[in-house]
Amino acid sequence: MSFASGLKTIVVATELTGRSEAALEYARKLAAAYGARIVLAHGIDPMEYAEVDSVPGRVLKILPEEARAVLDKLSGELLREGIPSHSELRQGAVAQMLLDVVRQYDAGLIVIGTKGMEGAGPVIVGAIAEQLVRQAPCPVLAVAADWNAGPFRPTPGGPVLLAMERNEAAAAAMATASSLARVFERPLLLLHARTLAEAAENPDPCATTLEEFAIESHGAFPVRCIVKDGNPADAIVEGIAENHPCILVAGVKRLSGTPGPHGTAFALLARSRVPVLCVPPE
């Protein structure tokens, strides 16, 4: 299922401290452009209140009520904007709660907010984003709280940046990035980050990519390809600083032989304030 045809429902991880505001704003843009509905999901993790003796009973009762009030308010605002919306308040660990909601609503995208300043940060990457990216049946978009601020603010009409990596998700990532470029009328920038060994093996990766994916035949948006040698994560971060994209798309593998945060996509989640869309293989 392609990104465009599958994006009928967007699940947004909603919390009550303001960190998810940027994530919700990005979800709004996508929902309006693709005609999707938004499901606001909030999880109350009982482990956060394990020491019940130190938490008054009335507080435990009020917490869900306050969360429901916030979700209802946000849902009402979306409905007034013409975006169908529904909210889910559930008890349980955040990652598993989101996966359950995604499967229940057959969602085509999960949007999560991160702290910003230092990107997602190692804790959030290890605890939540990795679980979602590895297990979710759909792409996962991580939006830093300060994605639209300071020197990292995207320039008007900023390109969709696709980090080209040869893995089983490459085709899905290319289709997703192309769809975003077409729908939002943005240039598509393909970035090849290669090691010295890869440079010797394939001196012109741009030509190979354009031919393999027949990207030049789309014609609906301008396409540009650049090559940077060196560590992939460093090269992509450099490409972000130079081109100020509106979003970064990266294909991610389902399985890995190593535990914990790893791979280019997770390095980018920990370092980038530009929204990072992790696309799994179809």
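Me: Which residues and atoms count here?
Reply: Residues are numbered from 1 along each chain as its sequence is written, and side-chain values use heavy atoms, with hydrogens and water left out. Because the model is predicted, local features need pLDDT of at least 70 and side-chain atom pairs count only at pLDDT 80 or more, while totals for chains, interfaces and linings use all residues.

Me: How do helices H2 and H6 pack, and at what angle?
Reply: Two packed helices are described by the angle between their axes and the distance between the axes. Here H2 (residues 21–34) and H6 (residues 170–184) pack at about 75 degrees, with axes 11 Å apart, and the two are therefore roughly perpendicular (65 to 115 degrees; axes are lines fitted to C-alpha atoms over the stretch in contact).

Me: Which residues make the contact?
Reply: Lys29, Leu30, Ala33 and Tyr34 of H2 meet Ser179, Leu180, Val183 and Phe184 of H6, where contact means heavy atoms within 4.5 Å. These residues divide into six nonpolar, one polar and one charged.

Me: What is the phi of Glu185, and where is this residue found?
Reply: Most residues other than glycine have a negative phi. Glu185, in the loop between H6 and strand S7 (188–194), has a positive phi near 55 degrees, and Glu185 is exposed at a relative accessible area of 70% (exposed is over 50%, buried under 20%, partly exposed in between, with a 1.4 Å probe and protein chains only).

Me: What about His244?
Reply: His244 lies in the loop between helix H9 (232–243) and strand S9 (247–251); its phi is positive, near 45 degrees, and His244 is partly exposed at 24% relative accessible area.

How values were computed: Axes are lines fitted to C-alpha atoms, for helices over the stretch in contact, and angles run from 0 to 180 degrees between N-to-C directions. Helices (H or I, at least four residues) and strands (E, at least two) are DSSP runs, numbered from the N terminus. Angles under 35 degrees count as roughly parallel, over 145 as roughly antiparallel, 65 to 115 as roughly perpendicular and the rest as oblique. Ala, Val, Leu, Ile, Met, Phe, Trp, Tyr, Cys and Pro count as nonpolar, Asp, Glu, Lys and Arg as charged, and the others, Gly among them, as polar.
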